[in-house]
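Student: I would like to learn how to read a protein model step by step. Could you take me through this one, giving the general idea before each case?

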Amino acid sequence: MKKLYKIKKSNIDKRGLYAATNIKKNTKIIEYKGKIITVKETEINPKFDNNKAIYLFNLNKKYDLDGDFKYNTARLINHSCEPNCEVDGVGLKLWIYSIKDIKKNDELTYDYGFSFDKDYRDFPCRCRAEKCVGYIVNSQSRWRIKKSKR
Ligand SMILES: [Zn+2]
C-alpha cells in the first residue's frame, strides 16, 4: 500500500507528518507503534510522573502503550486545537485515523488530550488554528483558558 504520509519540517514543531495524498475521512493512516506495558508499570515509572505523557496511551484496564520510541513514526504528529486526526485502538493496536477529509500536503494533527492543570502555561500550542487557545489542553477543558484570558 502507498504511504499516506510523509515527514516534513513543521510550523508547529520541528517536524511533523503531512498528507502525501488526499485522504478521505475515517481512513487508517499509520499505526501508532510502541511497547505494551501494564498499567501497574506505568504507575511506578517516574518517566510518566505527570499526566502530560504525550506518547502514553491507555489500551484497556490492564495495558498501556508507550510510543516514545524512534521507530514510532506517528509520534511526530503534532497537537492541534482543531485536529484532523484522532488516535483509536483496535485490540492492542493503535491507529491514527482521519476525522475529516484531508488535502494533500496538509499537516496531520490530533488532540493530545492534556487535562487542565495549573501548569498549562508550560505547554504552549503553535497550531495556528482559528480556534487555538494558545496552550495544549484537551477540548473539554479549553473553556477554562478562554475564561482566564479575560
Ligand atoms: Zn492550538
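Student: In which sense do E3 and E9 pair, and over how many bridges?

Tutor: Strands of a sheet pair through backbone hydrogen bonds, either parallel or antiparallel. Here E3 and E9 pair in the antiparallel sense over four bridges, where two strands are said to pair if DSSP finds at least two bridges between them. The labels follow DSSP runs numbered from the N terminus, with helices being H or I runs of at least four residues and strands being E runs of at least two. Within this pairing, Tyr32 stands opposite Leu94 in E9.

Student: Before we go on, what kind of model is this, and how are its residues numbered?

Tutor: This is a predicted model, in which local features need pLDDT of at least 70 and side-chain atom pairs count only at pLDDT 80 or more, while totals for chains, interfaces and linings use all residues. Residues are numbered from 1 along each chain as its sequence is written.

Student: How many residues lie between E1 and E2 in their hairpin?

Tutor: The hairpin formed by E1 and E2 has five residues between the two strands. Strand E1 (residues 5-9) and E2 pair in the antiparallel sense over five bridges, and Lys9 has Arg15 in E2 as its bridge partner.

Student: How many helices and strands does the protein have, and what pattern do they follow?

Tutor: The protein has two helices and 10 strands, and along the sequence they follow the pattern β-β-β-β-α-β-β-β-β-β-β-α. The radius of gyration, taken over C-alpha atoms, is 16 Å, close to the 15 Å that the globule rule gives for 150 residues, so the protein is as compact as a globular protein of that length; the rule is 2.2 Å times the number of residues to the power 0.38.

Student: Which residues have the most contacts inside the largest nonpolar core?

Tutor: In soluble globular proteins, nonpolar side chains tend to be buried together. A residue is buried if 20 or more other C-beta atoms, placed from the backbone, lie within 10 Å of its own, exposed if 12 or fewer do, and partly exposed in between. A nonpolar core is a set of buried Ala, Val, Leu, Ile, Met, Phe, Trp, Tyr and Cys residues joined through C-beta atoms within 7 Å. The largest such core here has 17 residues, and those with the most contacts inside it are Tyr5, Ala19, Ile29, Ile77, Cys85, Ile96 and Leu108. The elements giving two or more residues to this core are E2, E3 and E9, and E3 gives the most, with three residues. Apart from it lies another core of eight residues, among them Phe114, Tyr120, Cys127 and Val137.

Student: Is Ile23 buried or exposed, and which residues does Ile23 touch?

Tutor: Ile23 is in the loop between E2 and E3, yet it counts as buried because it has 23 C-beta neighbours inside 10 Å. Not counting residues up to four places away in sequence, Ile23 touches Leu4, Ile29, Ser98 and Ile102, a contact meaning C-beta atoms, placed from the backbone, within 7 Å.

Student: What is the phi of Asn26, and is Asn26 buried or exposed?

Tutor: Asn26 has a positive phi of about 65° although it is not a glycine, and it is found in the loop between strand E2 (15-19) and strand E3 (28-32). Asn26 is exposed, with 10 other C-beta atoms within 10 Å.

Conventions. Contact = placed C-beta atoms within 7 Å.
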